[in-house]
There are 2 protein chains.
Amino acid sequence: MAKQMYTFEELYTIFSEELKKQNFSKSPKELYEPIIYTISQSGKRLRPIFTLMACDLFGCDINKAMNQAIAIELLHNFTLIHDDIMDEAPVRHGQETVHMKWNQNLAILAGDTMYALAYKYALNAELNILPTLMHTFNNTALEACEGQQMDINFEKREIVSLDEYLLMIKYKTAVLFGASMHIGGIIAKAEDEDIEHLYQYGLNIGLAFQLKDDLLDLYGQTANFGKKTGIDIIEGKKTFLYIKALELADEETRKQLTHHYRNAHPDREQKIADVKNIFDQLNIEDITQKTIEDYLNNSLFHLEQVNRPKENKLILENLAKKLMFREK
Amino acid sequence: MAKQMYTFEELYTIFSEELKKQNFSKSPKELYEPIIYTISQSGKRLRPIFTLMACDLFGCDINKAMNQAIAIELLHNFTLIHDDIMDEAPVRHGQETVHMKWNQNLAILAGDTMYALAYKYALNAELNILPTLMHTFNNTALEACEGQQMDINFEKREIVSLDEYLLMIKYKTAVLFGASMHIGGIIAKAEDEDIEHLYQYGLNIGLAFQLKDDLLDLYGQTANFGKKTGIDIIEGKKTFLYIKALELADEETRKQLTHHYRNAHPDREQKIADVKNIFDQLNIEDITQKTIEDYLNNSLFHLEQVNRPKENKLILENLAKKLMFREK
């Protein structure tokens, strides 16, 4: 009989409890308050749970992966704090962002401190796997910075190709999903080939996850998604939807679309409706959904290649599907 | 005959050449331009040279310590970029700071990237010393963040004790000097006891170095120091001079001094002269110089304890003295 795998919900509870047990109340308290505030917010904890799941998949005690899971959650939250400054975002997870609640300088420094704390946790590993772990962790941090810079660059550019966009979301978002699985596999001392497939499973979920975010911004259920639809259009964000639409549109429609994105409109709802109308004509919702499914299938393909019993992989299979068919 | 040691100047040249050889021209170029700009500025390179000197002291090939020396220089420069944002500093090493030359968001992200690059270099080490190296490196990064927060806290506080001030400069400045020596010693596989003495040598130099900075701000030669004297007074910075003066002053003088620091004065030069007058009455220059010499002596005491021939330690002895008796 195959080993009973931890469910997502179980891992969520176990991880949240572990995170709560960590003592971040250090001195100077002004520095650690925003850190405690940030990590006590109830995000989805997807990335650390990925690490625990990958570890569990190979029959390894998940507690062995706990320090790495915490490291990944800290790294992720550090990027959020700094990204929120750069994006001037007022709210995250329904609460004030750190730079709004305190101030920008503290948000810079608390982010830097979380980054160092992330490495501190990541360093707690067996010697023989430490270099591989640290290189994976470090490369992911570097790529996240590069992805954020690409995102900033794209804001100022008129034209962004689909390939460029996909590379940006790969670096900014997807590599951390990939690395989360990768690290769980390293800790479980899985075969290199299996670890690579796990990485690809995570990476493809990450790409699909971001495209799903793009899609939900306009086609999501407002109530579920917890924010108004069409924000990306109002902010002129060049998402997959917009870039794909430009690619497919005729000359005249392209002009209309770029005009909408370049200029403010007195009636916010009208602007969203106009753009949505263009997207609908070009069948953007279906095309995006189809692309998401392609990434999902890539992800499941790589999962299939992992040399573990099918029953044990079912939880990862279902998680991938659940994330893609979410309505928020 | 004792081995010929590298001089400071030789190590400066070797390190600068090595740093130049590193390829930081990566994509996206917007992100790496400020990194190249920052590290191509000719700072003193004290910290990486400390690492190379410590390595050399134990007869170890300095090339073995090169990656760590670069890591330390990157870590130091990352803290400068972020500190300059927080301090709203317009100039560093006679050139525009990154947030002024480009913008604040880029300064945040370029700093984050240098931080990751620092770890990338630090990770290039033999497996058996990797954990110790990484813990030293990581703790130093954390303490630098904590020291910066203390510094920020002190700006808003009326009273800062001398002990608090010394703890702040220890974390913000001195631990990196200590760690630089420490890391060189680890790479040379020196005895633990010797490494600890080297750490204390560096730490005490770091403390003396900062107090010397405090002193030079008011009592330095303007031409040599490259900036006007009295800046700390104009900015109301609670340096060693100010805190010591408050400690020694009578009630009336203390009132005058806090009044000067709390309020703007229409005549900048007059304000500096008034405060200097108080400092002079209280003999602050000599007291500070004496404290610097105490730290210097501590530093030299620890150097003496290091189990290496006296001739080999002469370069470190002279360097400590040179840094303390500098006029800029």
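User: What does buried area refer to when it is given for chain B and chain A?

Analyst: Buried area is the accessible area that two parts lose on being put together, summed over both. In this predicted model, the value between chain B and chain A is about 3500 Å², of which carbon and sulfur atoms give 68%. The contact involves 39 residues of chain B and 39 residues of chain A.

User: What makes the meeting of A:Glu146 and B:Lys26 a salt bridge?

Analyst: The distance from N to O between the side chains of A:Glu146 and B:Lys26 is 3.5 Å, and the cut-off for a Lys nitrogen and a Glu carboxyl oxygen is within 4 Å, so the pair counts as a salt bridge. The count between chain B and chain A is 2 salt bridges.

User: Which helix of chain B gives the most to the side that touches chain A?

Analyst: That is H7(B), which supplies 15 residues. By class, this side of chain B has 23 nonpolar, 11 polar and 5 charged residues.

User: Why is B:Cys145 called buried?

Analyst: B:Cys145 has a relative accessible area of 5%, and buried means under 20%, so the term applies. B:Cys145 is also in no disulfide, with the nearest cysteine sulfur, that of A:Cys145, 14 Å away.

Key. Residues are numbered from 1 along each chain as its sequence is written. Chains are lettered from A and ligands numbered from 1 in the order in which they are written. This is a predicted model: local features need pLDDT of at least 70, side-chain atom pairs count only at pLDDT 80 or more; totals for chains, interfaces and linings use all residues. Side-chain values use heavy atoms; hydrogens and water are left out. Contact means heavy atoms within 4.5 Å. Buried area is the accessible area (1.4 Å probe) that two parts lose on being put together, summed over both. Helices (H or I, at least four residues) and strands (E, at least two) are DSSP runs, numbered from the N terminus. Ala, Val, Leu, Ile, Met, Phe, Trp, Tyr, Cys and Pro count as nonpolar, Asp, Glu, Lys and Arg as charged, and the others, Gly among them, as polar. A disulfide is a pair of cysteine sulfur atoms within 2.5 Å. Buried means under 20% relative accessible area, exposed over 50%, partly exposed in between (1.4 Å probe, protein chains only).
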